[in-house]
Amino acid sequence: MSAKRLQSGGSAIDRSRPLSFSFDGHTVTGFAGDTIASALLANDVAVVGRSFKYHRPRGIWGAGVEEPNALVDIGGATPTTPNTRATTEAAREGLVARSVNATPSAATDRNAFLDRFSRFIPAAFYYKTFMWPDWHMFEPRIRAMAGLGTVDAGWTPKQPSAQVNHHCDVLVVGAGPAGLAAARLASEAGFSTMLVDDQPRAGGSLAHRDGEIDGRSAAAFVEETVAALLAAGHPVLQSTTAFGIYDHHLVGLNQRHGDDRPDTLWRVRPRHIVLATGAIERPLPFANNDLPGIMSADAALSYLRRHAVLVGRRIVVATNNDSAYEVASALAAAGAEVTLVDSRAREIPGAPAKVRVVSGRRIASARGTMRVEGVTLDDGTRLDADSVAVSGGWTPTVHLFCQARGKLAWNEARAAFLPGDPVKGISVAGAAAGAVSLSDVFATAAKAVPGEPKGTVPRSTGSEATAGIVAAWPSRGAHGRVWIDYQNDVTAKDVELAARENFVSVEHLKRYTTLGMATDQGKTSNLAGLALMADITGRSVPEVGTTTYRPPFTPVPLASFTGSRRGELMAPVRRLPLENVHRGDSGVFQEYGGWLRPAYYGGGEADRSIQDEALRARQSVALFDGSTLGKIEVIGPDAAAFVDFIYYNTMSTLKPGRCRYGFMLAENGVVFDDGILVRLDEHRFIVSCSSSHVAAVHARLEEWRQDRFGRAAVYIHNATAEMATLTVSGPNARKLLETVGLGLSLDDADLPHMAMGQGIHDGEPVRVARVSFTGDRSYEISIRADRAEPLWARLREAGKAFDAVLIGLEALMILRAEKGYIVIGKDTDGTTLPHDLGVEGPRAKRQNEFVGRRSLFTEEASRGDRLQFVGLAVPEGEAPLDTGAHAILRDGGNLRSQGFVTSSYMSPALGRPIALGLIRRGAARHGESVEIQHLGKVRTATIAAPCALDPAGDRLHA
Amino acid sequence: MQLFPCPFCGPRDETEFHYGGDAGNARPDGADVPIERWANYLHMRGNPKGVAREVWVHMNCSEFFVMERDTVTHEVLSSTALDGGHAQ
Ligand SMILES: [Zn+2]
């Protein structure tokens with residue numbers, strides 16, 4: 001046994017609540033309040049994972065979010081979550097943890113042999129070696145050997161992650177001494193305040209470092225401050241990581257709950273941000289500095305004080321700075337045999353009790369296989385040790401400051417980058433700002449709170465930490481393998497290789513060696529890597545600079561970002577008011593342009609059902625739910641001038657009670673939408689646009705209204721969702737409606753084709769428009785959406801006498817294609833101009849302004865060889881053409897496209913296939929044959945007029 | 001996530017807004033507008049580095065307005081209702 005749980009102590013654990021969980025199949029015991037890492041240490045588990053590339057055994061390094069080694073996949077009662085940091089994840093009864101990149105387990109990994117070949121696989125080895133014939137041939141097997149945790153492909157959330165929006169005056173990130181003091185001062189100054197901290201309990205360094213505040217214990221200060229904040233109504237969130245600062249001070253928080261609940265995402269919009277994010281301890285460079293049992297000195301102290309875990313019996317504490325003295329003293333007091341190796345010879349603190357101090361020496365190498373067994377100093381002295389606690393100095397946690405575009409300033413005395421020029425709305429306090437003693441920490445906290453100070457600044461009344469440090473960076477040509485980035489297996493030699501191959505820019509260094517690119521984003525390693533690069537290239541550390549800091553600070557589960565926005569909540573469909581009625585008729589629903597609509601009815605075989613619907617619609621009468629059609633009202637004194645400007649066709653000449661078909665163009669002349677315009681009276685129109693274009697047309701109308709006509713002249717109201725539109729179409733449409741009674745004359749003299757009448761049904765006003773998208777006599781009846789059901793039922797009832805058929809959208813598509821009626825975006829593309837569709841009149845004749853006008857007179861618009869809208873006929877007995885197939889032109893040995901098929905169906909009324917297309921010069925080529933190629937097969941079609949059924953239009957009036 | 005001030009609704013998330021083009025890109029009318037002028041109106045954008053005057057629309061209230069903002073720092077400098085708007 002090396003590490004053990006002490007009989008007493010441990011501020012974080014509750015010994016009355018024991019628990020057990022499994023790690024790599026072994027049972028691990030602990031207490032409530034343990035992290036997975038503290039429980040593993042208490043059970044003397046040294047090897048907790050295998051490294052990314054070389055499968056080196058790795059142990060626990062830290063006690064917080066910076067942990068590079070101790071990643072575990074967590075499962076058990078919940079779906080597996082990969083790459084969880086054992087140092088932040090709460091130990092829970094029944095939890096199942098597995099080490100990452102280890103088969104079958106971290107202790108006995110069958111890929112461990114890779115480490116013996118490590119000298120042959122330096123940085124970029126894989127890319128250089130496996131270039132021929134193709135990296136992708138080798139990639140799957142290499143990826144299987146390298147990597148970290150395993151994604152559970154069957155993962156589904158038990159419940160969606162909650163997402164919370166929050167606003168406050170001051171957000172304080174970090175509940176260490178600086179954050180607690182700042183939050184208390186902000187609260188006392190009257191600011192609404194929020195305090196968040198990524199540890200399970202508040203306190204930060206106060207939870208394990210010495211300190212006395214206002215004459216009382218640090219623990220009392222922590223407890224009272226948190227209680228005061230909560231009492232004043234300020235949220236205090238533990239186990240919550242502020243992972244990013246985004247534009248305009250949006251701060252993202254991810255809150256872990258320590259139980260089965262998914263994490264909660266917070267979007268906080270504070271007026272002011274105080275970053276009291278502390279500092280992260282760095283490793284020391286020596287050969288084999290990655291052996292299990294070698295850990296951060298501060299983490300060793302944290303495990304001792306918080307979890308009553310003594311990490312070893314014979315411990316070497318190695319340091320280049322003052323902060324490790326307190327660690328050595330505490331470990332010795334807890335019963336370990338401690339040797340303190342300080343690389344500095346002078347100006348060092350006095351030796352702590354029971355600690356042997358070796359000064360002016362540093363560790364040259366560590367030895368051991370599955371855990372550290374001892375170290376050799378640079379003078380050859382060998383020390384036995386079952387644990388090595390190292391401190392290479394402190395890196396202020398400036399990630400969030402830099403994400404907010406803060407610039408760093410190198411501080412030689414601290415051997416660290418500190419926040420430079422202040423960023424508006426953000427202040428940095430405590431260790432993150434370079435403060436070391438509690439007095440300094442509180443002074444920076446007082447300055448960090450905006451406005452005049454109102455409360456009482458806490459006072460440090462105990463012993464004070466000192467900041468002495470002499471930098472100890474990795475050096476060139478060191479013997480053995482000195483690890484810099486534990487998580488991505490980057491050594492000092494890899495950095496030297498990068499420099500030799502001229503990847504000397506810090507951004508190139510990162511990408512070439514993968515330094516700092518792992519899930520820990522180099523929190524413990526980046527500075528050592530760039531300091532070594534500075535040394536090799538004869539530059540200073542600030543000359544090398546840092547890479548760009550980007551969110552997230554720690555990995556955030558995608559489920560947090562997703563929240564409830566999955567499936568239909570991510571992309572909601574629009575639904576018909578009569579959806580349930582159609583479902584009662586076995587309507588088969590599909591999404592069309594954002595609307596969920598019946599494709600066909602009856603639940604039979606699709607093709608046969610659709611053909612049957614289309615045929616019967618021509619024979620007697622069809623009922624169709626057209627409620628998705630746009631119904632945008634244009635009202636006001638300038639309404640007529642407005643629709644003239646909006647439409648390609650002149651609309652102001654339309655008489656009240658009449659309808660006209662027209663195009664809307666974009667300013668580049670391209671046909672943007674088509675549809676019917678209804679004039680209700682002098683100053684009131686209804687724009688009936690395509691179902692899927694309602695939002696876009698509405699936005700366009702608003703834009704022109706506000707930009708050109710003014711708010712007082714025109715008013716626009718989108719009534720699409722307010723009204724249902726039920727369509728009755730076919731030779732017997734009028735007869736059917738006459739039996740229903742709509743309170744208006746259906747006589748053709750009173751309601752001719754392209755007229756609109758106002759009626760009443762069951763006390764409810766209805767609009768009856770005689771317009772047709774089928775080519776048959778049709779009536780579109782619009783009624784309040786919530787009153788549509790009785791009318792539909794009445795139409796169904798009346799339809800029985802006429803063998804009326806319900807038709808879905810698929811049959812309607814056949815009916816309109818038989819007539820050569822276009823669907824914008826299907827039969828047209830982003831280059832189709834109105835005259836390409838055979839509508840030349842307005843272009844030739846209109847004298848007043850309209851959207852897209854000038855674009856119809858460009859060189860391009862006037863070309864003679866434009867793609868023009870045509871019908872395409874194939875010989876009887878053949879199958880329909882393939883939609884999207886190209887008409888080809890043989891040009892020597894080359895094939896060139898001369899257009900393509902846009903719509904193609906089997907026409908049950910004609911008993912042959914029909915098709916529509918855009919063909920070069922097509923309008924003048926009716927009767928010509930063209931070759932149509934699809935997937936290598938060539939067929940012949942004859943160019944025809946678009947309208948294949950009833951070209952004279954008699955059926956509209958039949 | 002930026003916050004844009006709608007002159008009518010106040011500060012709202014940027015996802016509620018659509019970009020409407022450069023402010024002051026006046027539409028030339030007529031079938032005989034010189035083609036270069038029309039092409040400028042239709043296609044050419046300032047895309048300035050720094051202060052930009054742009055038209056935006058707040059999708060929730062449908063109102064168009066002019067916003068001045070810095071394309072480098074993302075600082076919003078002003079937002080103004082169009083003529084006839086009823087900003088409060
Ligand atoms: Zn608004």
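Reader: In which loop of chain A is A:Pro552 found?

Author: This is a predicted model, in which local features need pLDDT of at least 70 and side-chain atom pairs count only at pLDDT 80 or more, while totals for chains, interfaces and linings use all residues. Residues are numbered from 1 along each chain as its sequence is written, chains are lettered from A and ligands numbered from 1 in the order in which they are written, and side-chain values use heavy atoms, with hydrogens and water left out. Taking helices (H or I, at least four residues) and strands (E, at least two) as DSSP runs numbered from the N terminus, A:Pro552 is found in the loop of chain A between helix H13 (541-544) and helix H14 (558-562).

Reader: What is omega for the peptide bond that joins A:Pro551 and A:Pro552?

Author: Most peptide bonds are trans, and most residues other than glycine have a negative phi. The bond that joins A:Pro551 and A:Pro552 is cis, with an omega of about -5°.

Reader: What phi does A:His248 have?

Author: A:His248 lies in the loop of chain A between strand S14 (240-246) and strand S15 (250-255). Although A:His248 is not a glycine, its phi is positive, at about 55°.

Reader: Which three residues supply more than any other three of the area that chain A buries against chain B?

Author: The contact (heavy atoms within 4.5 Å) takes 27 residues from chain A and 30 residues from chain B. Buried area is the accessible area (1.4 Å probe) that two parts lose on being put together, summed over both; for chain A and chain B this is about 2200 Å², with 47% of it on carbon and sulfur atoms. Of the area that chain A buries against chain B, 32% is supplied by A:His248, A:Arg711 and A:Arg854.

Reader: With which residue does A:Arg269 form a salt bridge?

Author: A salt bridge here is a side-chain nitrogen of Lys or Arg within 4 Å of a carboxyl oxygen of Asp or Glu, and the rule finds six of them across the interface of chain A and chain B. With the closest N and O atoms 3.4 Å apart, the partner of A:Arg269 is B:Asp13.

Reader: Which helix of chain A gives the largest share of the side that touches chain B?

Author: Seven residues, the largest share of the side of chain A that touches chain B, come from one helix spanning residues 694-709. That helix of chain A is H19.

Reader: Which residue of S2(B) is the bridge partner of B:Cys6?

Author: The elements of chain B run β-β-β-α-β-β-β from the N terminus on. Strand S1 (residues 3-6) and strand S2 (residues 10-13) of chain B pair in the antiparallel sense over four bridges, where pairing requires that DSSP finds at least two bridges. S1(B) and S2(B) form a hairpin with three residues between them. Within this pairing, the bridge partner of B:Cys6 is B:Gly10.
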